[in-house]
Amino acid sequence: MRQARALPLSRRGLLTAGGALGLGALVTACGDNGGSGSGGDDGDGSWSFTDDRKKKIGLDSRPQHIVAYIGAAAALYDFGIEKQITGVFGPTTLKNGKPDVQAGDFPVDRATSLGNTWGQFNVEKYASLSPDLLITNMFDPGALFYIPDDSKKKILQLAPSLAISTGRISMLEPIKRYAALAEALGADLKAKKVTDAKARFEKATETLRKTVKSHKIKVMACSASADLFYVSNPKINADLIYFSELGVDFVVPEKPDKGGYFESLSWENADKYDADVLFLDNRTATLQPGALTSKPTWSKLAAVKAGQITPWSSEPRFSYAGAAPLVESLTKAIQDAKKVS
């Protein structure tokens, strides 16, 4: 893999298409974290929505030219927003042109890509789309995800920005917020596609809740790079917080790195924690089991010896359709696992 430039660490996972872990450099935007406002047509044809910075975005009409981080686009698509998203940024396609795992079901060929890897954001192309609204995730308070620091000023001058909190809160919260945003943008939350997805999600969560009561299994959420092994923090990551609320027993790292999302370990110390199941980050830029066989400590891990490794979508799609398969996958891994730690 091409080696990408290193970025400061502040949250889980890889943000580059290369082998370097770039978890920080999130752009700090104006406003406070939080906010539970909603929005929509204000009755006079205008449109507004209060985002999770408690920032009210007001437009003359409902936005028709939306540019969104691919994870946000995928979540909105699941709730029924299909035609308004004209541009995307972030890991959208693989080298072979197929959709990246983070694109979910979003039709990547229908939107203009402004950049596929960390640091890429074509400002000129963005301007040519005449954007009404920019939407992205916010893993840390006030930080607009995947907006490059060196061009953020130009980007934020071209259209209002809207941020949804996706870190340090339970996964249900950003799902509900994306549902509210989609509804404000014109989606029908009573559509069969949406209600079926919600029913599947609710069934899956109840099955997981029951499973963990009868299967006493220790799970370690983790991510791998060439140089480091990352143990993720179930008290910071939105999906892990929610799974913990359902009763999943996660390894909790003792010394999380700055930002709190994970503890980085050298490969010599990758066996610091014991677990029965490894919940392994499956994003494109992370290393998968086949690429880790040369790491002695990896091969010695009890869960690896037992073949108890399951993919973890460590940056979940914050929709019912996106989350349901994740819950089901974790449930099956726990059901099939035996105690080895």
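**Salt bridges and a cavity in a predicted model**

E254 counts as exposed, at 59% relative accessibility (exposed means over 50% relative accessible area, buried under 20%, and partly exposed in between, with a 1.4 Å probe and protein chains only). The model is predicted, so local features need pLDDT of at least 70 and side-chain atom pairs count only at pLDDT 80 or more, while totals for chains, interfaces and linings use all residues. Residues are numbered from 1 along each chain as its sequence is written, and side-chain values use heavy atoms, leaving out hydrogens and water.

**Salt bridges**

- The structure contains 17 salt bridges (a side-chain nitrogen of Lys or Arg within 4 Å of a carboxyl oxygen of Asp or Glu).
- Side chains of opposite charge can pair when their charged atoms come close.
- R53 pairs with D51, and their closest N and O atoms are 2.7 Å apart.
- Both partners of this pair are buried: R53 has a relative accessible area of 3%, and D51 has a relative accessibility of 0%.
- E254 forms a salt bridge with K272, with 3.8 Å between the closest N and O atoms.
- K272 lies in the loop between strand 14 (262–266) and strand 15 (277–281), whereas E254 lies in the loop between strand 13 (249–250) and strand 14, so this pair ties together parts that are 18 residues apart in sequence (helices, H or I of at least four residues, and strands, E of at least two, are DSSP runs numbered from the N terminus).
- K272 is partly exposed, with a relative accessible area of 36%.
- D276 bonds with K339 in a further salt bridge, the closest N and O atoms being 3.0 Å apart.
- D276 is in the loop between strand 14 and strand 15 and K339 is in the segment after helix 9 (320–336), so the pair ties together parts that are 63 residues apart in sequence.
- D276 is buried, at 0% relative accessibility.

**Cavity**

- The structure holds one cavity of 30 Å³ or more (a set of points on a 1 Å grid over the protein atoms alone where a 1.4 Å probe fits but cannot get out, with lining residues having an atom within 4 Å of a point).
- The volume of the largest cavity is about 30 Å³ (the space filled by probe spheres set on the points, which are joined across faces, edges and corners).
- Its lining consists of D78, F79, V194, A197, S319, Y320 and A321.
- Helix 5 (192–214) and helix 9 each contribute at least two residues to the lining of the largest cavity.
- This lining has five nonpolar, one polar and one charged residues (Ala, Val, Leu, Ile, Met, Phe, Trp, Tyr, Cys and Pro count as nonpolar, Asp, Glu, Lys and Arg as charged, and the others, Gly among them, as polar).

Conventions. On a 1 Å grid over the protein atoms alone, a cavity is a set of points where a 1.4 Å probe fits but cannot get out, and a pocket is an open set with protein on both sides within 12 Å along at least five of seven lines; lining residues have an atom within 4 Å of a point.
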